[in-house]
Amino acid sequence: MRAALTSLALFCKVVDNFGDIGICWRLARQLQQEHGIEVTLWVDDLLSFQRLCPEVRPELAVQHINGIRIQHWRDQLGVFTPEQIADIVIEFFACDIPPGYINAMAQCAVTPVWFNLEGLSAEAWVEGCHALSSPHGSLPLTKYFFFPGFNANTGGLLLEADLVSRRQQFQQQPGEREQFLARLGVTPAEMAALTVSLFCYPHAPVAELLSAWEQQEQALTCLVPEGVASDSVSAFLGQSARAGCSATRGALTLRVIPFLPQQDYDRLLWSCDCNFVRGEDSFVRAQWAGRAFIWHIYPQDENLHHVKLKAFLRCHSAQTDSLTALSLGWNQVSPVKLSQVWSEFQAELPKIALLSADWQRQMQLHGDLASNLLKFAQTVRKSAAI
Ligand code: TRH
């Protein structure tokens with residue numbers, strides 16, 4: 001009986017955007033670096049992956065980066081042998097893994113531990129579904145649902161062991177922020193203003209927010225990675241939104257910066273007084289940045305995302321009324337005047353930064369997702385051995 005769980009295959013289909021590969025790449029790195037797991041990351045879209053990790057070479061079927069084997073997942077419908085199967089198999093967001101792979105899983109002398117890693121939500125039903133098992137219809141295999149989440153009845157959040165200390169060092173070390181922002185083309189005067197990063201879906205009321213910032217008293221610098229909210233950003237700039245472009249109107253300077261490698265995106269979040277984030281991964285990273293953030297949630301049919309947004313606001317931002325009001329307005333859940341709620345929110349930024357530190361401590365108590373997932377896999381393996 002193979003007791004140790006030393007290898008892991010993580011299957012990722014990029015549905016859209018960057019969140020799918022963003023999360024899988026982060027998880028793969030952590031499992032390899034902190035837990036010594038031999039990870040193979042199967043991913044179907046190497047071009048999206050390359051945006052976050054410039055070392056990726058889209059023309060290669062197999063490559064190794066940071067000790068992780070990256071396998072381009074095309075239509076590998078062929079036959080796999082049990083020797084090719086990892087001890088732990090993760091399908092991300094219920095992507096269907098190759099049938100040949102599943103057949104070989106069933107033939108292994110020791111059955112691999114099989115997970116469906118789900119999306120993040122603060123809704124109460126998640127606690128009831130986390131860690132549930134689902135036997136395969138015809139093969140002697142069981143799949144477990146693993147949900148990230150915000151309390152001890154879920155899998156927790158992705159968090160590298162050294163992230164908080166690296167972030168604190170960056171924020172406390174004189175000159176780190178300035179050097180980093182200067183590399184992105186931000187001028188000293190722009191850095192001295194209130195600094196906000198902007199990452200959202202194209203339907204966000206960006207024009208209204210920019211106009212609110214333009215009219216306020218205090219100078220504000222908005223840094224927006226190239227490709228984000230391009231139409232509204234181009235309209236403000238009066239030219240196509242390319243990295244390096246900037247314009248100042250009223251109190252607002254809007255600067256387009258390059259779309260950053262994933263590690264640098266963290267530094268951007270650490271450098272700003274407030275971060276507008278979206279989806280899942282940037283949303284979680286903003287929670288570790290120790291700064292205020294506003295979440296633009298991924299839209300779902302029948303406004304199901306409104307329920308998800310409110311569930312998060314209930315568990316998190318008991319924080320302040322202005323944060324709740326701005327979040328609801330930004331997501332167009334309720335009609336609010338962004339100029340008014342922004343002023344209230346801005347006045348509360350120092351208080352919100354303190355509350356974020358409490359939130360962070362609270363989240364850390366539940367352990368991190370990668371460690372929780374491995375612990376659970378060990379439990380499954382042990383119970384199978386009895
Ligand atoms: O790209 P997203 O909208 O991804 C979404 C969500 O994950 C959503 O839940 C999922 O269903 C959908 O995809 C398919 O937002 P998210 O999750 O924040 O992922 C963005 C990733 O891009 C994240 O890893 C941070 C990274 N990033 C950079 O590396 N550099 C950048 O400059 C920016 C703006 C983002």
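Which residues are linked in a network of salt bridges? They are Arg26, Glu160, Asp266, Asp281 and Arg285. A salt bridge here is a side-chain nitrogen of Lys or Arg within 4 Å of a carboxyl oxygen of Asp or Glu, and by this rule the count comes to 14 salt bridges.

Before going further, a word on the ground rules. This is a predicted model, where local features need pLDDT of at least 70 and side-chain atom pairs count only at pLDDT 80 or more, while totals for chains, interfaces and linings use all residues. Residues are numbered from 1 along each chain as its sequence is written, and side-chain values use heavy atoms, with hydrogens and water left out.

**Salt bridges one by one**

- Side chains of opposite charge can pair when their charged atoms come close.
- Take Arg57 and Glu59: they form a salt bridge, with the closest N and O atoms 2.9 Å apart.
- Arg57 is partly exposed at 45% relative accessible area, and Glu59 is exposed at 54%; the cut-offs are under 20% for buried, over 50% for exposed and in between for partly exposed, using a 1.4 Å probe and protein chains only.
- Asp162 and Arg166 also meet through their side chains, in a salt bridge of 3.3 Å, N to O.
- Both partners there are partly exposed, Asp162 at a relative accessible area of 36% and Arg166 at 28%.

**A bridge between two helices**

- Arg183 pairs with Asp264 in a salt bridge, the closest N and O atoms being 3.7 Å apart.
- Arg183 sits in helix 6 (residues 176-183) and Asp264 in helix 10 (residues 262-271), so this pair ties together parts that are 81 residues apart in sequence.
- Helices are DSSP runs (H or I, at least four residues), as are strands (E, at least two), and they are numbered from the N terminus.

- Leu349 belongs to helix 15 (residues 349-364).
- With a relative accessible area of 9%, Leu349 is buried.
- Which residues does Leu349 contact, leaving aside its neighbours within four places in sequence? They are Leu194, Asp273, Cys274 and Ala292, where contact means heavy atoms within 4.5 Å.
- Ile88 is 261 residues away from Leu349 along the chain, and their C-alpha atoms are separated by 43 Å.
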